[in-house]
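Notebook open, model loaded. I'll jot down what I look up as I go, one stretch at a time.

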Amino acid sequence: MSDQEIERRKSLEFLIQNNINPYPAEAYPVNVTAEEIKNNYDEQKNNYQDISIAGRMMSRRIMGKVSFIELQDHTGKIQVYIKRDTLCPGEDKSLYNTIFKKHFDIGDIIGVKGFVFITQTGEITIHATEIKMLAKAIRPLPIVKEKDGKVFDAFTDPEQRYRQRYLDLILNPKSRDVFIKRTKIVNSMRDFLNSKGYLEVETPILQPIYGGAAARPFVTHHNTLDIDLYLRIANELYLKRLIVGGLPAVYEFSKDFRNEGMDRFHNPEFTQMELYVAYKDYIWMMELVEQMVEYITKQLYGTTKVKVGENEIDFKAPWKRLTMYDAIKEFTGIDISNMNEDELRKTAKTLGIEVDETMGKGKLIDEIFGETVEPNLIQPTFIMDYPVEMSPLAKKHRSEPGLVERFEVIVNGKELANAYSELNDPIDQRKRFEEQLILAKRGDKEAMMLDEDFLQAIEYGMPPTAGLGIGIDRLTMLLTDSHSIQDVILFPQMKPDRTVFELNELVDKLQEAGVPSEWIKVFPQIGIKSLKALKNIKPGKLHQDLCGFNKKNKLNLTNPTLEEVEKWLEDLK
RNA sequence: GACCGAGUAGCUCAGCUGGUAGAGCAACAGACUCUUAAUCUGUGGGUCCAGGGUUCGAUUCCCUGCUCGGUCACCA
């Protein structure tokens with residue numbers, strides 16, 4: 001424990017001994033927020049003269065008989081003026097002199113009652129008539145200072161920001177803002193879809209057969225049924241079953257799981273919104289997508305223009321539409337629409353793209369597109385008509401052989417959404433699944449499984465349907481100008497910290513060996529933080545270290561005997 | 001998965017060619033009744049990520065590991 005933590009625990013004790021509950025149970029009535037005061041206070045009107053507010057004390061300037069603190073609630077910070085003789089009108093000044101000055105700390109959650117005024121330096125401030133401890137913080141908060149919009153000692157370490165998101169939310173208003181925006185984005189998307197009468201549904205996350213996308217799944221096990229289940233990689237096949245069932249339009253905000261690499265665009269669990277509408281096609285869906293995203297952007301910013309990195313992106317509909325072949329032609333000058341596999345391979349090579357013999361026609365086209373076109377599409381663009389080999393769930397193109405009716409939305413060089421005229425021909429669908437099975441046998445770990453139950457469903461007849469998947473994380477990244485997916489997911493996946501794991505393991509073993517808990521706490525402090533460290537230590541040295549630490553730090557613990565220490569080590573083996 | 005970079009006080013970071021560490025803020029003691037990165041005086045605080053090696057001696061050099069970041073690869 002650091003000196004500061006020890007000090008705070010002492011303060012905690014002091015409060016308790018002076019009949020001040022550091023964690024009171026009763027509600028604290030709040031009648032105003034920092035933002036409301038700052039926006040609406042008017043010296044002439046003399047409003048906000050009886051306010052009650054609660055929040056976290058973020059900084060403190062003590063000037064003898066007067067102090068200023070910054071109180072932060074969910075809307076922002078406001079300054080509070082604490083004057084000894086206002087707070088303690090009587091003889092007893094201990095609330096100010098002792099309780100507040102000595103035993104309140106930065107990070108404590110407090111309640112303040114008082115009236116608003118403007119200081120000599122012109123800052124809207126609450127003059128406190130009452131302060132109350134609502135929750136004592138016994139761990140010091142990182143200190144961030146600010147002057148004229150410049151931030152000093154900013155809390156920016158990505159590891160801490162993601163592992164301890166609560167600190168990020170307390171200390172970085174921008175981060176808090178991103179997550180508020182994320183919810184607004186989801187809400188306006190839901191409003192948009194509901195206004196059209198579409199039905200929001202829930203489908204299984206645990207699936208006996210995973211499908212609907214090309215990806216490796218997470219596997220889990222159901223004990224009672226004694227079967228393996230997969231965390232869904234998509235919900236497409238379930239939503240389509242609902243279309244078979246006669247629901248005309250269904251959608252779901254779907255947490256999906258993919259057991260693949262992680263980088264700034266990929267988190268193992270992520271969110272997609274999938275939508276299926278009967279009797280529509282992908283042409284119709286393009287209009288819906290551009291309208292929906294335009295609507296969301298307007299709701300969020302009041303404009304369709306958003307700055308993303310160096311670029312200003314305009315989401316105003318309609319968006320540019322290009323077929324995949326035309327897009328490649330536009331960016332390379334090469335028309336690949338009539339090329340066979342060999343010619344495609346040659347073309348790829350001349351463009352400096354690495355190819356190998358296992359790549360089929362579809363894969364080659366995708367590689368060429370990914371290298372030459374995708375990164376260059378900054379403004380929202382529909383890329384239409386993909387090779388059939390890459391899209392086992394999309395309907396064959398109405399006029400172009402070898403292609404399917406599929407589009408992707410590319411924004412800022414990245415895919416944002418993916419949509420098809422859905423394949424509803426059960427014979428063709430079975431054939432496509434079978435082709436996937438062949439790929440799987442050849443070792444493609446992402447090939448789709450044959451879903452017999454799904455095939456059965458569409459054999460009963462599925463109306464022609466347009467389907468869409470849109471990445472909520474990616475959309476949020478775009479609309480909040482976030483560099484990494486971890487900035488738009490509250491608790492992104494992180495590798496567990498090995499040292500924490502080892503420490504827990506050690507504590508468990510020490511408990512088993514009957515070491516008293518007050519002594520267990522000492523072990524890490526004398527440098528023993530893992531079982532490995534304990535194995536190499538001699539009982540005599542351990543005994544010396546423990547007793548020495550006790551004496552040096554005046555813990556006043558009863559020293560164990562050497563025999564006891566020997567027995568602990570014995571029991572650990 | 002490959003390569004590169006980072007890990008030092010509660011926080012943000014210095015620390016030269018190896019001699020066991022510094023600053024600001026925070027903390028503690030004191031002064032101060034309108035300050036605002038408050039100020040002024042004084043004090044305490046660190047297995048320099050972990051393990052191993054080279055060395056008389058390692059925070060520093062080398063190797064391995066852990067965690068994070070970046071780039072690329074894989075991947076929607």
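This is a predicted model: local features need pLDDT of at least 70, side-chain atom pairs count only at pLDDT 80 or more; totals for chains, interfaces and linings use all residues.

**Entry 1**

I started with strand β14 (residues 305-308), where the side chains alternate. V306 and V308 point to one face and are buried.

Next I looked up what β14 pairs with. The partner is strand β15 (residues 311-314), antiparallel, over four bridges. K305 stands opposite D314 in β15. I also checked the turn: β14 and β15 form a hairpin with two residues between them. G309 sits in that turn and has a positive phi of about 60°.

How many of the 10 residues of β13 are buried? I get nine, so strand β13 (residues 269-278) is largely enclosed by the rest of the structure.

I then went through the strands that pair with β13. Strand β12 (residues 249-257) runs antiparallel to β13, and nine bridges join the two. On that side I noted E252 opposite E274 in β13. Strand β20 (residues 465-471) also pairs with β13 in the antiparallel sense, over seven bridges. There the bridge partner of M273 is I470 in β20.

**Entry 1: helix α8**

β12, β13 and β20 turned up again when I looked at what covers the buried residues of α8. The cover also includes β9 (206-207), β19 (414-421) and α14 (452-459).

Helix α8 (residues 236-244) is mostly covered, with seven of its nine residues buried. I wrote down which ones: E236, L237, Y238, L239, K240, R241 and I243. After the helix comes G246, with a positive phi near 95°.

**Entry 2: salt bridges**

I counted salt bridges next, and the structure holds 33. Side chains of opposite charge can pair when their charged atoms come close. I picked a few to follow up.

E7 with K10 was one of them, with the closest N and O atoms 3.9 Å apart. Both residues lie in helix α1, three residues apart, which is about one turn of the helix. E7 counts as partly exposed, at 46% relative accessibility.

D105 with K136 came next, and here the closest N and O atoms are 2.6 Å apart. D105 is in the loop between α4 (94-103) and β4 (109-118), while K136 is in the loop between β5 (124-135) and β6, so the pair ties together parts that are 31 residues apart in sequence. Are these two buried or exposed? D105 counts as buried, at 16% relative accessibility. K136 counts as buried as well, at 4%.

Then I looked up E330 and K320, whose side chains meet in a salt bridge at 3.3 Å, N to O. This pair links distant parts of the chain, 10 residues apart: E330 is in helix α10 (residues 324-332) and K320 in strand β16 (residues 320-323). E330 is partly exposed at 45% relative accessibility, and K320 is partly exposed too, at 44%.

One network went on the page as well: R161, R165, D168 and D487 are joined by salt bridges that share partners.

**Entry 3: around RNA strand B**

For K102, a side-chain N or O atom is 2.5 Å from a phosphate oxygen of RNA strand B. For D85, a side-chain N or O atom is 2.6 Å from a base oxygen. H266 has a polar side-chain atom 2.9 Å from a base oxygen.

Several elements give two or more residues to the surface near RNA strand B, among them α1 (3-17), β1 (51-62), β2 (66-73) and β18 (403-411). The largest share comes from α5, with five residues. I sorted the residues of this surface by type and got 26 charged, 17 nonpolar and 12 polar.

Notes: Residues are numbered from 1 along each chain as its sequence is written. Chains are lettered from A and ligands numbered from 1 in the order in which they are written. Side-chain values use heavy atoms; hydrogens and water are left out. A polar contact is a pair of N or O atoms within 3.5 Å; within protein, one must be able to donate a hydrogen and the other to accept it, and residues adjacent in sequence count only if both atoms are side-chain atoms. Ala, Val, Leu, Ile, Met, Phe, Trp, Tyr, Cys and Pro count as nonpolar, Asp, Glu, Lys and Arg as charged, and the others, Gly among them, as polar. Buried means under 20% relative accessible area, exposed over 50%, partly exposed in between (1.4 Å probe, protein chains only). Two strands pair if DSSP finds at least two bridges between them. A salt bridge is a side-chain nitrogen of Lys or Arg within 4 Å of a carboxyl oxygen of Asp or Glu. Contact means heavy atoms within 4.5 Å.
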